[in-house]
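Open the model in your viewer and keep the selection tool at hand.

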Amino acid sequence: MPSHALKRPILLALCACALVAQSMVAAVNLLIPQLSDSSLHPSTGEILWTVDAYVIVFAGLLIPAGALGDRYGRKGALLAGLTLFAAGAALSALARDPALLIAGRGVSGAGAALITPATMSILVHLAGPGGRARAMASWTLALGLGGLAGNLGGGLAGQYASWRVLFAAMVPLAALLVVAVAVTTPRTDRSPHSNLAPAGTLLLTGGLVAVLFGIIEGPAYGWASPRILLAFAAGALLVALFTLVSLRSRAPLFDPRVFAAPRLRATTLGMATGFFGLFSLFYVNSQYLQGVKGYGPARTGVAIVPLIIGMALVPRLAARWSAHPRPVIGGGLALIGTGLLGVSTAGAGTPYPLYSCWLLVISAGTGLCMPALTLGVVTSLPPHQAGLGSGLGTSAREIGAALGVAVTGTVLASHGDLNSGMAPALRVVGLLVLAATVAVTVGYGRAHADSGPAKPAGPAPEATGTGPADERGEAPISGEAPIR
């Protein structure tokens, strides 16, 4: 479609959908004390599942949800996702026992899995080559604002209202977004060449869910516990079976050999790295501000605003450098790692303005690198798999986020309390981010050296093919030259 097809009302509606889906990842974290004391009387395990069910289902279904939108229509997938999201929120708000609350969170997570890749792939198709970098900057900002909205909403509900109010508020909000999308957003072309491949979809989804369960629950059960080892073994087996089935299939969900492309490997690792660092900070941030600094839930929600400032301002600046993504990506990830090392120096006597400066550094790094990484993943795949590409990218983010929480939680647990464990935990994460930054930057440079001149785009392939997109002669979406 022409670049002028992306009108401001469409951009706002799609970004609002992404914001709402992202907001519910973190919103429940600040409601844990209230939920523990509620009439549901949840156990510690049920509290953990209330928090984790959304993330596990969300991340586990992202890739097939993206392929579903490619095949049957991205606007339809988005509207279905909003409906599921609202249904899950209503079930959670009305829950009379922990099982229904957890089920509602899972249903909302399934809705979010349809919403997120659909919004990104619609933006990519409507923006055109000239507007794609700015569209991704706006979409990345929406995700950052979603994190802020979730923290603010959870904090306000925890201090002034009820956890049921937070879930109930999502129902009319989702209904409003359904109307906005229906009125403003055009339908994009469907791709008859995208395949859901039921066997591959079940294997990949099951593998991702098992791995995510192991990552998220590892700190609670112990990394060497039979339950966690079994989860990782099952995840590895299912992913291996998915790879085998996909390589033998004439119409797989996606060809695993796409990861032979250095740029796709580098960008997915970069996205996982960025969110690995960001969510490790999220994990300790509220505990530090409330437990060490003595802030209330609402004030804690406001105190993370510096994390949004960089995400709001820097992406538009980064869009001007979209033709040179390698230094943008490397610089952004390096800022995240450096900021985490800075936050690791915070203690009870650290003035909040100094602490907020380190939050600004991390925020600026996120705003700098995430639009380029997001666009790099999507344009590494052929045009008819835009939704699948966005699902791959978002899966990398969610897996990185889960790893960040798991590693941070494990280091904290080994030190007994937050006061003694926060500094070493964030130092470990910060150093890992910086090490991964080197790998991502080198990998992106190798992708640039290995790629030849751009080839003109042709029609979507009749079959999935036998190799990655750039080896089959397929050009990125809309036929523009690959981004370097």
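This is a predicted model: local features need pLDDT of at least 70, side-chain atom pairs count only at pLDDT 80 or more; totals for chains, interfaces and linings use all residues.

**Cavities.** Four cavities of 30 Å³ or more are present in the structure. Go to the largest cavity, with a volume of about 180 Å³. To find it, select Leu143, Gly144, Phe275, Leu278 and Phe282, which lie nearest its centre among the 20 lining residues. Next, colour α1 (8–26), α5 (98–160), α9 (262–292), α11 (306–319) and α13 (352–378): each of these elements gives two or more residues to the lining of the largest cavity. The most comes from α5, with five residues. By residue class, the lining of the largest cavity consists of 13 nonpolar residues, six polar and one charged.

**Nonpolar core.** Now select Leu78, Phe254, Tyr355 and Met422. In the largest nonpolar core, which has 128 residues, these four touch the most other members. Again α5 is the element to show, as it gives the most to this core, with 19 residues.

Stay on Tyr355 and display its surroundings. Leaving out residues up to four places away in sequence, Tyr355 touches Leu281, Asn285, Tyr288, Leu289, Val343, Ala346, Thr350 and Met422.

**Proline 198.** Finally, select helix α7 (residues 198–221), where proline 198 lies. Is proline 198 buried or exposed? Its relative accessibility is 63%, so proline 198 counts as exposed, the cut-off being over 50%.

Technical notes: Residues are numbered from 1 along each chain as its sequence is written. Side-chain values use heavy atoms; hydrogens and water are left out. On a 1 Å grid over the protein atoms alone, a cavity is a set of points where a 1.4 Å probe fits but cannot get out, and a pocket is an open set with protein on both sides within 12 Å along at least five of seven lines; lining residues have an atom within 4 Å of a point. Grid points are joined across faces, edges and corners, and a volume is the space filled by probe spheres set on the points. Helices (H or I, at least four residues) and strands (E, at least two) are DSSP runs, numbered from the N terminus. Ala, Val, Leu, Ile, Met, Phe, Trp, Tyr, Cys and Pro count as nonpolar, Asp, Glu, Lys and Arg as charged, and the others, Gly among them, as polar. A nonpolar core is a set of buried Ala, Val, Leu, Ile, Met, Phe, Trp, Tyr and Cys residues joined through side-chain atoms within 4.5 Å. Buried means under 20% relative accessible area, exposed over 50%, partly exposed in between (1.4 Å probe, protein chains only). Contact means heavy atoms within 4.5 Å.
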